[in-house]
Amino acid sequence: MTTADRQGRLLAISDLHIGYAENRALVEQMRPETDDDWLLVAGDVAETVADIRWALETLASRFRKVIWAPGNHELWTHPKDTVTLRGVARYEHLVEVCRELGVTTPEDPYPVWECPGGPVAVAPLFLLYDYSFLPAGCATKEEGLTYAHGTGVVCTDEHFLHPDPYPSREDWCRARVAETERRLAEIPAELPTVLVNHYPLDRHPTEVLWYPEFAMWCGTRLTADWHRTYRVAAMVYGHLHIPRTTWLDGVRFEEVSVGYPREWRKRSEPPGKLRRILPMEVGSGDRGAAPGVGRGRGGTR
Ligand SMILES: [Fe+2]
Ligand SMILES: [Fe+2]
């Protein structure tokens, strides 16, 4: 069968947060459109390994391939989880769980999408953040955190996302960025890419956050040119809980989050709808529009 014969779709979702029963019910309803569909899961599945396993196993049983990138919630060492691993050890444990389930992780070879819209290398990334998306007027992480504590908008990662054995989350981030650059450089030059990361690779999506100081926990400036460097057909991310499409330098950025019930209940779109990444839907997005188009309330996760 050739690429043109297949009808598969490359679909995406993130921020399932299935600790909420209503969100678990959404996952139970998620189905592919064709037998060849792949599903990108861009992080924040749940906080416990048991819940993460349930969701990924459920989806892997339905889709031809499931590709996962971790969110900050998966990396928390949460008091309600019986798995008490921290930092790198927790991440590596989650990678092992995915391998048991046949789910592709950032540690695996990047699969190539050969259906309509392809061929495209699909790269799940794990990059974290380094506090370089600072609030206006702040020059350092310390100043940024002081400001955030003053407004009361402080990410729960500060309590539960441990960087062990790295001394800090920003050190872990820098190591991940360096290793990922090496991996991405190995993708054959003729292949475009779809990059899947919990955080946007560029800061522009955070400009509509209701609490702009939350941007500190939303990515790193180290990846600001990646959408131009790696022949990116689409950059898929979540975390902001502001689902929308933006364009930057001709590259499509897709925020694909479900978010919390209190967030999705306010939206007109039905919750849990999978976003089609490839083949691109005619008329999708705001091609050529300024990145700030589609301004919405800021999510804070
Ligand atoms: Fe989230
Ligand atoms: Fe998140």
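1. A point to start from is tryptophan 226, which counts as buried because its relative accessibility is 1%, where buried means under 20% relative accessible area, exposed over 50% and partly exposed in between, with a 1.4 Å probe and protein chains only. This is a predicted model in which local features need pLDDT of at least 70, side-chain atom pairs count only at pLDDT 80 or more, and totals for chains, interfaces and linings use all residues. Residues are numbered from 1 along each chain as its sequence is written, chains are lettered from A and ligands numbered from 1 in the order in which they are written, and side-chain values use heavy atoms, with hydrogens and water left out.

2. On the aromatic residues, a search of the whole structure finds 12 aromatic pairs, where rings of Phe, Tyr and Trp (its six-membered ring) pair if their centres lie within 6.5 Å, and planes under 30 degrees apart count as stacked, over 60 as edge-to-face and the rest as tilted. The rings of tyrosine 129 and tyrosine 199 form an edge-to-face pair, because their planes stand at 85°, with the centres 5.7 Å apart. This pair links distant parts of the chain, 70 residues apart, with tyrosine 129 in the loop between β5 and α5 (141–151) and tyrosine 199 in the loop between β6 and α8 (226–229). Tyrosine 129 is buried, with a relative accessible area of 0%, and tyrosine 199 counts as buried at 2% relative accessibility.

3. The rings of tryptophan 226 and tyrosine 230 also make an edge-to-face pair, since their planes are at 85°, and their centres are 5.6 Å apart. Tyrosine 230 counts as buried at 10% relative accessibility. Elsewhere, ring pairs link Trp68, Tyr91, Phe126, Tyr166 and Trp172 into a cluster.

4. The charged end of arginine 24 sits over the ring of tryptophan 54, 4.5 Å from its centre, and the charged end of arginine 183 sits over the ring of tyrosine 110, 4.1 Å from its centre. A charge sits over a ring if NZ of Lys or CZ of Arg is within 6 Å of the ring centre and within 35 degrees of the ring normal.

5. Turning to the sheets, an open sheet of six strands has the order β4-β5-β6-β7-β9-β8, with mixed pairing. Strands β4 (112–113) and β8 (244–248) stand at its edges and each has a single partner strand, so one side of each is left without a neighbour in the sheet. Two strands pair if DSSP finds at least two bridges between them, while helices (H or I, at least four residues) and strands (E, at least two) are DSSP runs, numbered from the N terminus.

6. Within that sheet, five of the five residues of β5 are buried, so this strand is largely enclosed by the rest of the structure. Val120, Val122 and Pro124 point one way from β5, and Ala121 and Ala123 point the other way. Strand β5 (residues 120–124) runs parallel to β6 (residues 193–196), to which it is joined by four bridges; valine 122 stands opposite valine 194, and proline 124 has valine 196 as its bridge partner. With β4 the pairing is antiparallel over two bridges, and valine 112 has alanine 121 as its bridge partner. The hairpin of β4 and β5 has six residues between the strands, and in this hairpin glycine 117 takes a positive phi near 95°.

7. Alanine 233 lies in strand β7 (residues 232–237) and counts as partly exposed at 29% relative accessibility. Leaving aside neighbours within four places in sequence, alanine 233 is in contact with Thr193, Val194 and Arg252, where contact means heavy atoms within 4.5 Å.

8. An open sheet of four strands has the order β3-β2-β1-β10, again with mixed pairing. Its edge strands are β3 (65–68) and β10 (275–278), each of which pairs on one side only. Strand β2 (residues 38–41) is parallel to β3 and joined to it by four bridges, with tryptophan 38 standing opposite lysine 65 and leucine 40 opposite isoleucine 67. The chain crosses from β2 through α2 to β3 in a right-handed β-α-β crossover, a term that applies if, with the strands pointing away from the viewer, the path from the first strand over the helix to the second runs clockwise.
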